[in-house]
Amino acid sequence: MPKWTTPWRTTGGPPDPATGCTVLAGRLSLRSYRDFPRLLWWTLRIRRRLARFPGLVGHAFGADPRNGTLWVVSVWSDRAELARFDRTGPHHEAKRRLRPALLTSTIAVWRCRPDELPVPWSEVRRRIAQADRRGRDGLPVASVGTRACRGGPAAGTRRPAAPTENPGP
């Protein structure tokens, strides 16, 4: 659980109750606590950009500097807007520049109703723990929401077997 958290910040209008919203929760772990100031610098830069990005409903960040871990939760009007943000501006640049400093990252994505907002940190923690367990149990990593940023699964976990295109007769 994060030792330090930002308050939930609502940036867009309320999502449509009929369609719900997409939640992204993530835990990023650094190889060394010495990289934490750089991670925070990128986080603040991304946070400023988030406030102006279409499709964002709200977000919060958490940090555990002693463990070199950043927690994120953001809620989007739909998954397409989330994907667009992932590929643009400071977020894309931060991923590229921080990748060597990161261990594995766990990402969980799910749908929720607008009346379930803001997403509590206990739910973020539960969803990330669930994604971690599924990844360690040998399920295909991408299908359960856990993704390694660099170097494959975390130490002590098995790398899932790659699915075959043509398994043969």
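1. The model is predicted: local features need pLDDT of at least 70, side-chain atom pairs count only at pLDDT 80 or more, and totals for chains, interfaces and linings use all residues. Residues are numbered from 1 along each chain as its sequence is written, and side-chain values use heavy atoms, without hydrogens and water.

2. The protein has 5 helices and 7 strands. These are DSSP runs, numbered from the N terminus: helices are H or I with at least four residues, strands are E with at least two. Their order along the sequence is β-β-β-α-β-β-α-α-β-α-α-β.

3. Of the 169 residues, 40% are buried, meaning under 20% relative accessible area with a 1.4 Å probe, protein chains only.

4. Take the contacts (heavy atoms within 4.5 Å) between residues at least 6 apart in sequence. Among these, 76% join residues at least 24 apart.

5. Helix 1 (residues 36-50) packs against helix 3 (residues 89-98) at about 165°, with the axes 9 Å apart. Axes are lines fitted to C-alpha atoms over the stretch in contact, and angles run from 0 to 180 degrees between N-to-C directions. The two helices are therefore roughly antiparallel, a label for angles over 145 degrees.

6. Which residues of helix 1 and helix 3 meet? Arg38, Leu39, Trp42, Arg45, Ile46 and Arg49 in helix 1 face Pro90, His91, Glu93, Ala94, Arg97 and Leu98 in helix 3. By class, this contact has 6 nonpolar, 1 polar and 5 charged residues. Ala, Val, Leu, Ile, Met, Phe, Trp, Tyr, Cys and Pro count as nonpolar, Asp, Glu, Lys and Arg as charged, and the others as polar.

Key
Buried means under 20% relative accessible area, exposed over 50%, partly exposed in between (1.4 Å probe, protein chains only). Angles under 35 degrees count as roughly parallel, over 145 as roughly antiparallel, 65 to 115 as roughly perpendicular and the rest as oblique.
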